[in-house]
Every structure is written in structure tokens, then in C-alpha cells.
Amino acid sequence: MKYIVFILFTVMTNAAAQVMLKQGMMSLGPISFEGVNPAVKLLQIVFSPWVFLGLCTFVISMGSHLYVLSKVELSFAYPFLSLAYVVVAIVAYFVFREDLNGWRIAGIAFICLGTVLIAQSGRVHDEETASLSSDKIHSEIIR
């Protein structure tokens, strides 16, 4: 549980990147590759300010996630990324005026409940590991 701050940082930067990418694509309008070199069009998209900032934020998020993966189990850390959906859905509702209906709210509630359960499983694992470590140290002292 001591790496939860880094996990939540990963979640928030991932969500922020999604919001920036959406803002960038809205500012560009509908994308069409007709009569344009696709490589040039792709470069125009990537280097538009909001999209580029979103991609850079994704790089930061991935760096944080790699750090987290070096410290905790994948099966513990990865499910927390689903919280990014929760953040994005709420931000999209307020910023982009996207729909947040009952089904989405129910899904968000289930995601939050599942994340709490996973977080609790990490606490149990940390306590078991600490217990095993203290037992090992105690047995070494006795020898």
C-alpha cells in the first residue's frame, strides 16, 4: 500500500492525457485523409498542441507505471488503471458535456468497488509479507 500514491499518480496522468487528446481532436475537427499524404496528416495531428501535450502526459504516466510495476505485483497495480475511466467520465461530463447516465454511473460504482476490493487484497498481502519477514528475522536471531 505504500506505493498507492504512485499508482494514483499513474491513474491521474493517464486520465489527464485522455482529456488532452480529446480536446486536441475536438480542436482539429473531423479528420479526413482525402487528398492528403497520410504521413503528413498524422504529423499534423501528433504535433497539434493539445494532442502533443496529451502524448507527453502519456509518456509520464507510463514512466510512473513502470516504476510501480517494479515495486508491486501486476495483478495489484493494473486494475487501478480502471479508475482512469472514472476520472475521465466525470471530467467529460463537466468539461465536454458528455452523457453520464444511470448505466455509466452504475458501472463507475462497480469499478470503484472492485478497486477497493483489490486495494484490500494488497493490504493483506503486505501484512502477510511483513509477518513472514519478521518471522524469518526472529528465527535467524534465535539460531
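Which backbone oxygen does the side chain of serine 82 reach? The views below show a predicted model, in which local features need pLDDT of at least 70 and side-chain atom pairs count only at pLDDT 80 or more, while totals for chains, interfaces and linings use all residues. Residues are numbered from 1 along each chain as its sequence is written, and side-chain values use heavy atoms, with hydrogens and water left out.

**View 1. Serine 82 in the loop between helix 4 and helix 5.** The side chain of serine 82 reaches the backbone oxygen of proline 79 at 2.7 Å. Serine 82 is partly exposed, with a relative accessible area of 29%; this term covers values between buried (under 20%) and exposed (over 50%), computed with a 1.4 Å probe on protein chains only. Residues up to four places away in sequence aside, serine 82 touches Ile111 and Thr115, where contact means heavy atoms within 4.5 Å. Valine 11 lies 71 residues from serine 82 in sequence, yet their C-alpha atoms are 8.0 Å apart in space.

**View 2. The largest nonpolar core, with 15 residues.** Such a core is a set of buried Ala, Val, Leu, Ile, Met, Phe, Trp, Tyr and Cys residues joined through side-chain atoms within 4.5 Å. The members that touch the most others are Ile7, Val11, Val68, Val72, Phe76, Phe80 and Leu83. Two or more residues each are given by helix 1 (4-28), helix 4 (74-77), helix 5 (83-95) and helix 6 (102-142). Helix 5 supplies the largest share, 4 residues. Isoleucine 7 is in contact with Val68, Phe76, Ala77 and Phe80, leaving aside neighbours within four places in sequence.

**View 3. Helix 5 and the residue arginine 97 that follows.** The 13 residues of helix 5 should span 18 Å at 1.5 Å a residue, and the end C-alpha atoms are 18 Å apart, which agrees. The expected span is 1.5 Å times one less than the number of residues. Leu83, Ala84, Val86, Ala89 and Ala92 are the buried residues of helix 5. Arginine 97 has a positive phi, near 60 degrees.

View 4. Helices (H or I, at least four residues) and strands (E, at least two) are DSSP runs, numbered from the N terminus. Of the 143 residues in the protein chain, 24% are buried. Among contacts with a separation of 6 or more, 77% join residues 24 or more positions apart.

Terms used: A polar contact is a pair of N or O atoms within 3.5 Å; within protein, one must be able to donate a hydrogen and the other to accept it, and residues adjacent in sequence count only if both atoms are side-chain atoms.
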